[in-house]
Amino acid sequence: MILALAGGVGGAKLAAGLAAVLPPEELAIVVNTGDDFEHLGFAISPDIDTVTYTLAGIANPELGWGIAGESWAFMEQLGRMGGETWFRLGDRDLATHVERTRRLRGGESLTTVTAALASAHGIAHRIVPMADDPAPTIVDTDEGRLAFQDYFVRRQCAPRVKALQLAPDVGPSAAFSALIDDPALEAVVICPSNPWLSVDPILALRGVRSRLRARGVAIVAISPIIGGKAVKGPAAKIMAELGVPVSSAGVAAHYGDFIDGLVIDVTDREEAINGPQLLVTETLMRSPDDRARLASEVIGWVRQWN
Ligand code: FO1
């Protein structure tokens, strides 16, 4: 069983590639919930939804979040009444938040709700929230401490990041914890999500980093940096602000000896990277074929390790 750790867009694409080439019993995808928040009275789990919509083949390719072919009547009407429209909830996407919120209020865990919504979208693979309890990421910036979506969406990642405050006192969900202990675990694959915003919140949960390492299975990451740029999102800007080299070497240094291997793009084949073993291949995923090919290469690589 491959345990994939994923955040938003880049992570979801590789997760979909892994799901395309592995049967459901051989893959579990644990998703960051540090971006989750309550908005307009709804429980919003952006990364879980991005992974779910991507695996279901209904993700919005232009936005990178939400559902393809979305309509915005709800937002337009809310705006006419002077309501909050900085965080855009499309009409179809809204149904997810309504249903998730209803189930959570009825006493179901985020794990149970996530599994039910994935199943309703025809997804057989396991999508597991990193935590059932809130574990919000706080962004410490030159404008003060900001809740994640205030930083990311309301302020469009403009403030300068000084540090990330993760949730060290929150434990992993019972489902994630069981996956860490699963005798069938073969390898951990850290998807090409933002290491600071999307992956660190998962690794920072109580006991996760040490328990994963103690399993003794291969842990590999796919670098989200290609040619000194982030494929999408603010990773490069944040790395520069934190004084980290904006390169795969910077990603390798950040993960340190937590990872055994790093997958980098052919563009960066000449880069001097200390520490992990390297797999050099095309990591940009433009199509479903790209995702499946990269996933197959990564699986082949980690399986020859054991
Ligand atoms: N990102 C934006 O940049 N603007 C939005 O208005 C926005 C709305 C939104 C609604 C639902 C959802 O699941 C995600 C949404 N996102 C939006 C994306 C999201 O905030 C971030 O991409 C993730 O939190 C980072 O992985």
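## Pockets

A pocket is an open set of grid points with protein on both sides within 12 Å along at least five of seven lines. This model is predicted. Its largest pocket holds about 1000 Å³ of space. The lining takes in 45 residues. Val9, Gly64, Trp65, Phe152 and Lys232 lie nearest the centre of this pocket.

H1 (9-21), H2, H4, H6 (148-154) and H8 (195-203) are the elements that give two or more residues to the lining of the largest pocket. H2 gives the most, with five residues. By class, the lining has 24 nonpolar, 14 polar and seven charged residues.

## The second largest pocket

What is the volume of the second largest pocket? The value is about 350 Å³. This pocket is lined by 19 residues. Those nearest its centre are Asp36, Ala43, Leu104, Leu110 and Pro134.

Strand S3 (37-39), strand S4 (42-44) and helix H4 are the elements that give two or more residues to this lining. Ten of the lining residues are nonpolar, four are polar and five are charged.

## Helix H5

Which residues of helix H5 are buried? H5 spans residues 110-120, and its buried residues are Leu110, Thr111, Val113, Thr114, Leu117 and Ala118. Seen down the axis of H5, these residues fall within an arc of 165 degrees, so they line one face of the helix.

Just after H5 comes Gly122, with a positive phi of about 80 degrees. Leu110 belongs to the buried set of H5, and Leu110 is also among the residues nearest the centre of the second largest pocket.

## Nonpolar cores

In soluble globular proteins, nonpolar side chains tend to be buried together. Here the largest nonpolar core has 49 residues. Leu3, Leu5, Val30, Phe176, Ile190 and Leu212 have the most contacts inside this core. H8 gives the most to the core, with five residues. H8 also gives two or more residues to the lining of the largest pocket.

Take Leu5 as an example. Not counting residues up to four places away in sequence, Leu5 touches Val30, Phe176, Val188, Val189, Ile190, Cys191, Ile202, Leu203 and Leu212.

Key: Residues numbered from 1 in each chain as written. Predicted model: local features only at pLDDT ≥ 70, side-chain atom pairs only at ≥ 80, totals over all residues. Heavy atoms only, no water. Buried < 20%, exposed > 50% of the residue type's maximum accessible area, 1.4 Å probe, protein only. Helix = DSSP H or I, 4+ residues; strand = E, 2+ residues; numbered from the N terminus. Arc of directions from axis to C-beta. 1 Å grid on protein atoms, 1.4 Å probe; cavity = no way out; pocket = protein on both sides within 12 Å on 5 of 7 lines; lining within 4 Å. Points joined across faces, edges and corners; volume = space filled by probe spheres on them. Nonpolar A, V, L, I, M, F, W, Y, C, P; charged D, E, K, R; others polar. Core = buried A, V, L, I, M, F, W, Y, C linked by side-chain atoms within 4.5 Å. Contact = heavy atoms within 4.5 Å.
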